[in-house]
Amino acid sequence: MAKIQKTITPVDGSVYVERELASEAEINSTLEKAVRAQAEWKHVPIEERAALCSKAVDAFVAKKTDIAQELTWQMGRPVKYSPGEVGGFEERSRYMIKIAAKKLADIQVEPKEGFTRFIRREPLGVVFTVAPWNYPYLTAVNSVMPAIMAGNAVILKHSSQTPLCAERFDEAFKAAGLPEGVFQFLHLDHESVARVIKSPQTNFVAFTGSVPGGKSIEESAVGQFIGVGLELGGKDPAYVRADVNLDHAVENLVDGAFFNSGQSCCGIERIYVHADVYDKFVKDFVDLVSQYKLGNPLDEETTLGPMVRTSAAEYVRKQIADAIRDGAEAKIDPKLFPADKEDTPYLAPQVLLNVNHSMSVMSDESFGPVIGIMKIQSDEEAIQLMNDSEFGLTASIWTTDEDEAVKVGDRVETGTWFMNRCDYLDPALAWTGVKNSGRGCTLSEVGYEHLTRPKSYHLRTSV
Ligand code: NAP
């Protein structure tokens, strides 16, 4: 009998979607179909691939309203903000489609008499994308669209929290007329994810998710000699320098910490503020956080939705309680947020002072609406604290001195270094992490490197 996967919505705790998990026979036939489709697809000229992928983006964008509502039901982001996911999907897709022809062209080497030599970029074959729920389209699109553009076939396994997202991708590609089998999805449990990775028909795994999830994926890939892209967690710091534009920093850092209820891989999780501006920064920050409206994400006025599930909210409640027990000062009175309720995913935002790195809230990924703020005295101290983490996804500096920003950035262990900006992915830049934040890269020209393999042509022409 088929296993059923149930998705509980954080909106009201009801079952929102039920889907049958794929059987072994379905997995096998999906893989076979992908291999067959890819053998043809890799010969389709890039301009034609681009036209089909662009049509798929058009078809996706046309469904924006439905997609946004459904997203809110599946993972709880306020409906006021969920259409932004479609905008980001479009921006990244169009950029990766636009640069494909240049990036996938043969690499010419210097001329050598009597020889023709070049390096061709071959597609890998079948790319298996495993995606998380927190930005369900934005994470998946980073590998799905460029993999297809590069001549691969893609199989997408989406989070059990956001299974409809896989179906929306499929709908868009079908509407565009993409040849059958070039894109497919499967609803899978973890055991079956491992089976797909271990299949000789799978040539690359693009995983986005937690550190434990990433470890399991790597374990499944051992001995397969295939590439594994890992986009994992973060504990992203911000450093507010004394020469900051304070209003800009407060507004952006509040948003960076609390957007999506803090459930962003590159959300701000710790802030180091120079002593000269600390008091004013904290006051303005707390004032702004107090203005959030926590509630049902389907209400237009809600600006802070529930967390994805009760267990995630309980984890953050405990981090906050443990920090307070160890001396932290909580600046937000949860009573200001009547929707906050124990044993539900509805959690008030919290700002903690008097924190230090021995506290879980300053060292483990919170992935929730809480932030710790520390007072610091110098660039040196900020750099030391920013680097004191097992993660390294993004980090930011808030300053009016660009030269100093670059100097400090050169010493920070991070995949992306921002100045006066945070919690953002620029499709023109490499999306990557260091330390436990992962390995590999998506987006930008570099993103294509991981979805193709080089093949050298070495032809002696004078014999
Ligand atoms: P997750 O629990 O690791 O799940 C991610 C995906 O992997 C889901 O599709 C999940 O399937 C699957 N999965 C998890 N464990 C697995 C296992 N042992 N074997 C096979 N498949 C497995 O992560 P999440 O809670 O969805 O996402 C939040 C995490 O992702 C955070 O740590 C966040 O920082 C990180 N993230 C990173 C980036 C980035 O770009 N670096 C972007 C977004 C999110 P099921 O849903 O069926 O369990």
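The model is a predicted one, and its secondary structure comes to 15 helices and 20 strands. The radius of gyration is 23 Å, close to the 23 Å that the globule rule gives for 463 residues, so the protein is as compact as a globular protein of that length. Taken along the principal axes, the C-alpha atoms fill a box of roughly 75 × 60 × 40 Å.

**The six-stranded sheet**

- Six strands form an open sheet with mixed pairing, in the order E7-E6-E5-E8-E9-E19, and its edge strands, each pairing on one side only, are E7 and strand E19 (438-439).
- Helix H1 lies across E5, E6 and E7, and runs at about 150° to E6.

**The second largest pocket**

- The second largest pocket has a volume of about 400 Å³ and is lined by 19 residues, of which Lys33, Asp170, Lys174, Gln184 and Phe185 lie nearest its centre.
- Two or more lining residues come from each of helix H1 (24-41), helix H6 (163-176) and strand E7 (183-185), and H1 gives the most, with four residues.
- By class, the lining of this pocket has eight nonpolar, five polar and six charged residues.

**The largest cavity**

- The structure holds two cavities of 30 Å³ or more, and the largest of them has a volume of about 130 Å³.
- Of the 19 residues that line the largest cavity, Ser143, Ala206, Gly229, Glu231 and Thr442 are the closest to its centre.
- The elements giving two or more residues to this lining are E5, helix H5 (136-149), strand E8 (204-208) and strand E9 (227-231), with E8 giving the most, at four residues.
- The lining of the largest cavity has seven nonpolar, ten polar and two charged residues.

**The second largest cavity**

- The second largest cavity has a volume of about 50 Å³, and the residues lining it include Lys235, Asp236, Arg270, Met386, Phe391 and Glu413.
- Strand E10 (236-240), strand E15 (391-392) and strand E16 (394-398) each supply at least two residues of this lining, which divides by class into five nonpolar, three polar and four charged residues.

Note on methods:
Residues numbered from 1 in each chain as written. Predicted model: local features only at pLDDT ≥ 70, side-chain atom pairs only at ≥ 80, totals over all residues. Heavy atoms only, no water. 1 Å grid on protein atoms, 1.4 Å probe; cavity = no way out; pocket = protein on both sides within 12 Å on 5 of 7 lines; lining within 4 Å. Points joined across faces, edges and corners; volume = space filled by probe spheres on them. Nonpolar A, V, L, I, M, F, W, Y, C, P; charged D, E, K, R; others polar. Pairing = 2+ DSSP bridges. Contact = heavy atoms within 4.5 Å. Axes fitted to C-alpha atoms, helices over the stretch in contact; angles between N-to-C directions. Rg over C-alpha atoms; globule rule 2.2 N^0.38 Å.
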